[in-house]
Amino acid sequence: MQILTLKEINKKYDQAKDFAVNKVSFSVNEGEILALVGESGSGKTTLLRLIAGLEHPDQGTIALGGQVIVEGKKSVPAHERKVGMVFQDYALFPHLTILENVLYGISKPKKEAEVIAKETLKLVGLTEDHGKYPHQLSGGQQQRVALARAIAPNPRILLMDEPFSNLDALLKDQVREEIRQIIKMTGITAIFVTHDTKDALSTADRIAILHKGYLQQIDVPKNLYENPVNPYVANFFGKRNELIANPSEDGFYTSFGYIADPEAKKYKSKVRLMFRPEHAEVVQREGQQLTGNIVKVAYFGSHQLVKISDEQGYSVSIRTNPGRVFDNLGNAFFYLWKYDIEEAF
Ligand code: ADP
Ligand code: MG
């Protein structure tokens, strides 16, 4: 069941400039957590503001919960859209208590509203803190108040703009998991914006990636990482090695040796073989593999990165398990078990 559908959404702030959002179409399923990723200026916040009703698109339609909320000049006002928002800086009212902050958006009789607010604070694990003020709470707790305030009125969708960007790295992993669990417990549909691929890959059910206002790909994390539709998406989700290769009838010639591949005959001129560090393997024995010199082994606890160089000093990085021992940094053999072929020039 789709709860939100955007069709061909265009938005320009300034006629002299490019579109901030360009022909964007996608749907979000009920109960799904969607991450919206992209570099700074790619249109993420604009897209959230269009859904929330804080901006109106130049073109396109938006439907939410079976109701068309944007079409041509028609626009259901923000406060009637039943959209919950969590802002990057949380935007809590400093002079109101935690309970009062959560009560703020609930338009119900006082008694009933209080029951809902208290239940929601319980859900986010803040039962003890009703009477405190925002400044008395940690960053992670403040964020849970902001979340409680957004979900207490029972919105049709929850929108969060960079919810994790103000948290330090240690806290972030924990908060990210807590927020995910709270959202999943309530069954609420959520879209969160992030520029951090780790946030997106670990938290979202699906990820939509924007570049210069265009939607590049929307898919489950694994597919975005393993089967990116274009080089931009591939590079956004982590480092790739690049090998310049000359195609022949039955394989590619590279500066590390020959790779047998029937795909090669499809190419007339130089190509780039692009592969992630985990898509290659360092092997013991000489054979049909590529060869080079190990120039560095960097240990990261969970894995190692082995840097292998060709005769001209050009190197690639290959991921290995952390227990693997490389005594002498000398000759090494490796093979690629997955790579993308891109036209080089
Ligand atoms: P992101 O959230 O991905 O960083 P934004 O949606 O904030 O991207 O911005 C997309 C583009 O729109 C950028 O080029 C930005 O400069 C421009 N933009 C955003 N908000 C405004 C505004 N209120 N007025 C004019 N230009 C804006
Ligand atoms: Mg933004």
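The UniProt annotation "domain: ABC transporter", from an unreviewed entry, covers residues 4–237. UniProt positions follow the numbering used here, feature names are shortened, and annotations may be inferred rather than shown by experiment. The model is predicted: local features need pLDDT of at least 70, side-chain atom pairs count only at pLDDT 80 or more, and totals for chains, interfaces and linings use all residues. Residues are numbered from 1 along each chain as its sequence is written, chains are lettered from A and ligands numbered from 1 in the order written, and side-chain values use heavy atoms, without hydrogens and water.

Over residues 4–237 the chain is 34% helix and 26% strand (DSSP runs: H or I, at least four residues; E, at least two). The end C-alpha atoms of this stretch are 26 Å apart. The domain assignment, an automatic or database one, gives domain 1 (2–236) and domain 2 (241–343). Their centres, taken over C-alpha atoms, are separated by 41 Å. Five residues from domain 1 and five from domain 2 make the contact (heavy atoms within 4.5 Å).

Polar contacts are pairs of N or O atoms within 3.5 Å. A polar backbone atom of G41 is 2.7 Å from an oxygen atom of ligand 1. For a backbone N or O atom of G43, the distance to a ligand 1 oxygen is 3.1 Å. K44 places a polar side-chain atom 2.8 Å from an oxygen atom of ligand 1. The protein covers 55% of the 560 Å² of accessible area that ligand 1 has on its own (Shrake-Rupley method, 1.4 Å probe).

Technical notes:
Polar contact = N/O pair within 3.5 Å; in protein donor to acceptor, adjacent residues only side chain to side chain.
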